[in-house]
Amino acid sequence: MNELYKPDLKKIRSAKTDRERNFIERLEFIKFWANYVKTHGDEEWSKQQNVLIDSQIIIARRFYKKLGETEEGRKKIKELLGMTYNKE
């Protein structure tokens with residue numbers, strides 16, 4: 001992705017609360033991404049999505065692997081997933 005994300009800082013600074021500021025920042029990024037998708041081919045922008053999704057999967061797997069190393073962690077996994085966890 002060659003273009004840089006350049007949010008409207010005046011708009012962001014004009015926010016009265018953190019919640020409003022976060023909303024404006026998200027909206028600015030959505031506008032940026034929508035424009036990026038419109039102006040770039042599917043192959044190019046889908047690669048960006050693949051990097052993001054793959055990294056999230058890797059992080060989740062590392063988290064559950066680390067959590068599963070202790071009895072308390074395995075109990076938490078069972079609570080979260082509602083299933084039995086077998087450490088292999």
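Helix H2 comprises 22 residues and extends 32 Å from its first C-alpha to its last, close to the 32 Å expected at 1.5 Å a residue, the expected span being 1.5 Å times one less than the number of residues. Helices are here DSSP runs (H or I, at least four residues) numbered from the N terminus. The model is a predicted one, in which local features need pLDDT of at least 70 and side-chain atom pairs count only at pLDDT 80 or more, whereas totals for chains, interfaces and linings use all residues. Residues are numbered from 1 along each chain as its sequence is written, and side-chain values use heavy atoms, with hydrogens and water left out.

Within H2, the buried residues are Ile24, Glu28, Phe32, Trp33 and Tyr36, where buried denotes under 20% relative accessible area, exposed over 50%, and partly exposed the range in between (1.4 Å probe, protein chains only). These residues cover an arc of only 170 degrees around the axis, which puts them on the same side of H2; the arc is taken from the directions from the helix axis to the C-beta atoms. In general, an α-helix has 3.6 residues a turn, so residues three or four places apart point the same way. The face turned away from the buried side of H2 carries the exposed residues Arg19, Ile30 and Lys38, while the cover over the buried residues includes helix H1 (9-13) and helix H3 (42-67).

Glutamate 28 lies in H2 (residues 18-39) and counts as buried because its relative accessibility is 11%. When its neighbours within four places in sequence are left aside, glutamate 28 is in contact (heavy atoms within 4.5 Å) with Tyr5, Pro7, Asp8 and Lys11.

Aromatic rings of Phe, Tyr and Trp (its six-membered ring) were paired if their centres lie within 6.5 Å, with planes under 30 degrees apart counted as stacked, over 60 as edge-to-face and the rest as tilted. In one of them, the ring centres of phenylalanine 63 and tyrosine 64 are 5.3 Å apart and the planes stand at 75 degrees, so the pair is edge-to-face. Phenylalanine 63 is partly exposed, at a relative accessible area of 46%, and tyrosine 64 is likewise partly exposed, at 28%. One aromatic cluster is formed by Tyr5, Phe29, Phe32, Trp33 and Tyr36.

Arginine 74, found in helix H4 (residues 71-81), counts as buried because its relative accessibility is 18%.

Note on methods. Helix = DSSP H or I, 4+ residues; strand = E, 2+ residues; numbered from the N terminus.
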